Amino acid sequence: MKNIDLKTNTSFTIEAYRILLKSRSRLETLKDLCVLFENRFDLSLTFFGIAQDKKSSGIVPAFYAGPASGYITAETSRPYNPDITIPEYHVLTSGHYYYAEDLSVEAFSKEWSETAAFFGFKSFLVVPLISGKTAKGILGLYSKTPAFLKEKDLLEIVNVSEDIADFLFSKGLHPQREVIQRELIDSYKVLSEQKEKEIILNQFSRGIIHSLSEEEVISSALDSIHQALNPDAILLFMEEETGFSVNRVASYNKNLENWKSEKPFKKGECLCGFAALKKEAVYAEDISSDQRCTLNSCKLAGARSFAAIPLVINNKNIGLIGVASAEKRNFKKYSTFLETLGIQCAIGLKNAQLYNDVREKALLLEKKVKTKDTLLKEVHHRIKNNLNVIGSLLNLQLQEIEKGANPREAFMESRNRVFTMSKIHEKLYQTDNFSEIEMAPFIEMVSRELVSTYSLGGEISLITDIDPLSFPMSTAVPFGLLLNEIITNSMKYAFPEKRNGSISVVLKKQGETILFKVHDNGIGITPERKDTMDSLGLTLIQLLTDQLEGVLTINGTKGTSVIIEFPFSR
């Protein structure tokens with residue numbers, strides 16, 4: 001008896017063994033074998049022949065099949081004449097198989113050759129059916145295709161022919177051989193299941209490589225487990241701040257549909273929590289008697305067996321997959337499949353999360369770039385307008401000089417106006433959105449600069465009371481120039497003869513109105529100072545107030561107060 005090596009046998013051999021082990025009638029078995037040969041190879045005729053008691057009497061056809069003739073019992077047919085030039089008789093007498101790859105170069109009897117030509121045979125294989133070291137029959141395979149067999153196919157057929165001979169001539173298979181073949185079939189079934197699961201894993205792995213969606217990764221993982229194991233339910237748990245919560249339930253059994261969501265479980269609680277704590281898969285054949293199963297969700301849902309597979313990436317547990325069965329089942333025997341899929345699922349989910357994070361940041365960056373492009377265009381437009389404003393102010397100042405104003409003072413006032421506008425742009429460029437200017441630091445900086453510039457020896461203190469407000473550039477420019485003109489007027493006229501004093505600046509939001517007030521405790525508006533107030537500064541204050549659509553009030557008693565109220569502009 002030859003040894004049977006599982007690695008050298010294919011599904012063809014296994015299927016042949018299944019047919020022989022069915023223990024049915026000889027004719028039914030031969031018919032099934034004919035079907036097997038035809039499905040596997042390109043055949044025109046499959047032939048089983050039985051030798052007469054005396055070889056000189058020839059071969060009696062036992063069963064033959066072909067596309068044209070169907071399946072025919074031929075035990076009553078006349079025997080083939082014993083003729084050494086007939087390949088079937090040659091194989092019977094020699095005990096060796098005969099494979100003719102090309103009939104055109106083979107020499108057989110005229111009658112046999114004419115028959116082969118009539119049926120269009122181009123190649124054939126005839127194998128002896130040997131029992132007890134004696135050829136008691138033959139298996140003939142005939143094809144219209146030259147060289148229809150590969151070497152490994154030829155060896156398989158020769159090996160299987162020994163088992164067919166045992167079946168036909170030894171009243172069934174040899175008992176020891178039958179045991180081996182049954183073990184072979186069982187082993188092949190296990191290998192087939194493993195191969196099927198490998199294919200599913202490969203398909204899942206290839207799928208998540210190209211998937212950047214968490215939803216697609218999760219759905220694909222659940223589908224793969226269902227396809228490979230056909231459990232009654234699959235659950236996905238994702239880690240949150242308070243623990244692990246049910247994210248998805250896929251139920252394939254009506255008895256396991258009622259999964260009630262309890263509070264999130266923590267690491268170390270129940271089977272899933274134990275798997276999360278250890279970062280290892282946990283299997284339970286019977287959760288009703290498993291002491292690790294401390295929560296009631298699975299039991300109340302009707303589960304009997306359970307597997308908890310942690311999803312670990314970079315030694316961090318991001319979730320778990322639970323596989324449940326209503327009947328007692330050993331999920332641990334599928335540990336290689338489940339744990340490998342768990343690793344791949346974790347990688348897929350992490351990749352999807354990274355992609356989503358990068359995508360969100362890219363979209364945010366794109367939005368910021370577009371916003372800044374728009375704002376830069378607006379800023380450039382404002383700069384152009386402000387340069388025009390500066391040009392107009394210089395022209396007005398020139399007219400004052402032509403009327404007899406002090407050129408040095410006129411130049412200083414122009415410089416301060418340009419300084420104020422430059423600080424507006426400076427503050428604008430320091431913001432994130434290039435659209436609004438925070439007024440409190442701006443007012444402090446400009447006011448102190450003006451007080452320092454115009455100080456004539458007296459000590460002037462600056463007092464501010466400013467709400468945290470931001471103005472758009474369209475409001476900030478006229479407001480800044482107003483601040484400049486009002487404080488400049490106070491510094492020039494309120495404190496003669498090096499007097500000490502104070503200037504207070506107030507900016508408040510009152511509903512939808514802005515209150516802007518500058519008060520000095522100087523000499524107030526005297527007749528002498530009133531004559532000077534018809535100057536360019538007062539003209540500019542009125543023009544800028546109008547630009548803000550505001551109302552101007554000037555009070556010259558107990559010092560001077562300039563009050564401007566204008567609508568709040570966002």
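**Aromatic pairs**

I looked up ring pairs and found that the structure holds 17 aromatic pairs. Rings of Phe, Tyr and Trp (its six-membered ring) pair if their centres lie within 6.5 Å; planes under 30 degrees apart count as stacked, over 60 as edge-to-face and the rest as tilted. I noted phenylalanine 12 and phenylalanine 37, a tilted pair with 5.6 Å centre to centre and 55° between the planes. This pair links distant parts of the chain, 25 residues apart: phenylalanine 12 is in helix α1 (residues 11-20) and phenylalanine 37 in helix α2. Helices (H or I, at least four residues) and strands (E, at least two) are DSSP runs, numbered from the N terminus. Phenylalanine 12 and phenylalanine 37 are buried. Buried means under 20% relative accessible area, exposed over 50%, and partly exposed in between (1.4 Å probe, protein chains only). I also wrote down one aromatic cluster, formed by Tyr98, Phe108, Trp112, Phe118, Phe119, Phe121, Phe124 and Tyr142.

**About the model**

The model is predicted: local features need pLDDT of at least 70, side-chain atom pairs count only at pLDDT 80 or more, and totals for chains, interfaces and linings use all residues. Residues are numbered from 1 along each chain as its sequence is written, and side-chain values use heavy atoms, with hydrogens and water left out.

**Helices α2 and α5**

I checked how α2 (residues 26-40) packs with α5 (residues 151-169): the angle is about 175° and the axes are 12 Å apart. Axes are lines fitted to C-alpha atoms, for helices over the stretch in contact, and angles run from 0 to 180 degrees between N-to-C directions. The two helices are therefore roughly antiparallel (under 35 degrees counts as roughly parallel, over 145 as roughly antiparallel, 65 to 115 as roughly perpendicular and the rest as oblique).

**Nonpolar cores**

I looked up the largest nonpolar core, which has 41 residues; Ile443, Phe471, Leu507 and Phe516 have the most contacts inside it. Such a core is a set of buried Ala, Val, Leu, Ile, Met, Phe, Trp, Tyr and Cys residues joined through side-chain atoms within 4.5 Å. Helix α13 gives the largest share of this core, 10 residues. Apart from it lies another core of 31 residues, among them Phe204, Val217, Ala221 and Val323.

**Leucine 540**

I found leucine 540 in helix α15 (residues 536-547). Leucine 540 is buried, with a relative accessible area of 7%. Its C-alpha atom is separated by 7.7 Å from that of leucine 482, 58 residues apart along the chain.
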